[in-house]
Amino acid sequence: MTTMIPEYDVHVHTIWSGHSHASATVTGLAARAEALGMKLLCFSEHVHGPESLPPLAHIRRSIAELQPSCRCRLVFGAEIDADPDRSDGSLITSPPPGVELVIGSIHFLPGTRLLPPWDPVPPGTDQETVFQRWRETIMGLAANRQVDVIGHPGALIFNAVEVTFFDRILAVMREAAHISAARGQAWDVNNLIFAKLKEPYRRDYRRVIRLAYEVGVPLLYGSDTHNLAALGGYRDIAALWQHLEQPPLCELLRLPGWLARRFQVAAATDGDATAIRGRK
Ligand SMILES: [Zn+2]
Ligand SMILES: [Zn+2]
């Protein structure tokens, strides 16, 4: 197994989330990324609604203060919820001013504020309805021009419906992947998701990665860390990769050339060769 340190991380939370470890300060995370030799670190704090925006302004200010003494490019991002009341892939609120990268994520059971797996799906919930609303949401996220990255694709639905839905879920994800690939929208390969997925979805999550790769979706590494120590961690991703031949894990962990160019990271070396894209 590789011991490579990721060159970047696009999915990082801080104390401003309200539920992260006290170690996850913007200053601490930036210093740790710098010490690890990372080239790009994207702070992607949660946005659950307009009430989440003031904390993001603090993060934006901290980044501006820290960047001049930091070689690592610090990106002001946001992980914004898909609106669970609309289920059409629109975001719960518009991206905050100055945001540079938007991750659109499905966190809530459609029509509720329940968060599977912490909040169990209530007994009697019609799984077909959940599935159809999820389908409309992820297809909408793929088409949503405000969304640069789909966060942990599949996490909600895999925890909300039975395994009998698996093939239908994959078919929807392939449809969404074609839309994402056509317009260069990335998907988050998220280290935190694996601990949350129930079996056998956890074991079979590689099928999601594989189809995204085959279709040509740019894949981005995200620790989704909520504490300092887990920054750059990819243990669960590496375990999954033992069952994947393509793309090589080291490619996922290397800063893609297109991302480096977008954020003007001078350290980009080999351009498109580092971008994980399918074999179209
Ligand atoms: Zn998330
Ligand atoms: Zn997250």
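The model is predicted.

**Helix α1**

I began with α1, residues 26-36, and asked which of its residues are buried. They are Val26, Leu29, Ala30 and Ala33. They lie on the same side of α1, because the arc they cover around the axis is only 100 degrees. I noted the background that an α-helix has 3.6 residues a turn, so residues three or four places apart point the same way. On the other side of α1 I found Thr27 and Ala35 exposed. I then looked up what the buried residues of α1 pack against, and found β1 (8-12), β2 (40-47), α2 (53-66) and β3 (73-81). Just after α1, glycine 37 has a positive phi of about 85 degrees.

**Helices α5 and α8**

Next I took the pair α5 (residues 166-183) and α8 (residues 206-215). Their axes come within 9 Å and cross at roughly 35 degrees. The crossing is right-handed. On the α5 side I listed Leu170, Met173, Arg174, Ala177, His178 and Ala181 as making the contact, and on the α8 side Arg207, Val208, Leu211, Ala212 and Val215. By type, the residues of this contact are eight nonpolar, one polar and two charged.

I also checked burial in α8. Val208, Ile209, Ala212, Tyr213 and Val215 are buried there. Their cover includes α5, β6 (186-190) and β7 (219-222). Just after α8 comes glycine 216, with a positive phi of about 105 degrees.

**The core**

Which residues touch the most other members of the largest nonpolar core? I found Leu40, Leu41, Val149, Ala212 and Leu219, out of 79 residues in that core. Helix α5 gives the largest share of this core, six residues. I followed up alanine 212: leaving out residues up to four places away in sequence, it touches Ala177, Trp187, Val217 and Leu219.

**An exposed alanine**

Alanine 195 sits in helix α6, residues 193-196. Is alanine 195 buried or exposed? It is exposed, because its count of other C-beta atoms within 10 Å is 9.

**Backbone angles**

I then looked for cis peptide bonds. One runs from proline 116 to proline 117, with omega near 5 degrees. Proline 117 is in the loop between β4 (101-105) and α3 (127-143). Another joins glutamine 246 and proline 247, with omega about -10 degrees. Proline 247 belongs to the loop between α9 (235-241) and α10 (249-253).

Last, I noted positive phi values in residues other than glycine. Histidine 152 has a phi of about 25 degrees, and its place is the loop between β5 (149-150) and α4 (155-160). Histidine 152 counts as buried because 27 other C-beta atoms lie within 10 Å. Aspartate 224 has a positive phi near 60 degrees and lies in the loop between β7 and α9. With 24 C-beta neighbours inside 10 Å, aspartate 224 is buried as well.

How values were computed:
Residues are numbered from 1 along each chain as its sequence is written. Chains are lettered from A and ligands numbered from 1 in the order in which they are written. This is a predicted model: local features need pLDDT of at least 70, side-chain atom pairs count only at pLDDT 80 or more; totals for chains, interfaces and linings use all residues. Axes are lines fitted to C-alpha atoms, for helices over the stretch in contact, and angles run from 0 to 180 degrees between N-to-C directions. Helices (H or I, at least four residues) and strands (E, at least two) are DSSP runs, numbered from the N terminus. A crossing is left-handed if the near helix is turned anticlockwise from the far one by less than a right angle, and right-handed if clockwise. Two residues are in contact if their C-beta atoms, placed from the backbone, lie within 7 Å. Ala, Val, Leu, Ile, Met, Phe, Trp, Tyr, Cys and Pro count as nonpolar, Asp, Glu, Lys and Arg as charged, and the others, Gly among them, as polar. A residue is buried if 20 or more other C-beta atoms lie within 10 Å of its own, exposed if 12 or fewer, and partly exposed in between; C-beta atoms are placed from the backbone. The arc is that of the directions from the helix axis to the C-beta atoms. A nonpolar core is a set of buried Ala, Val, Leu, Ile, Met, Phe, Trp, Tyr and Cys residues joined through C-beta atoms within 7 Å.
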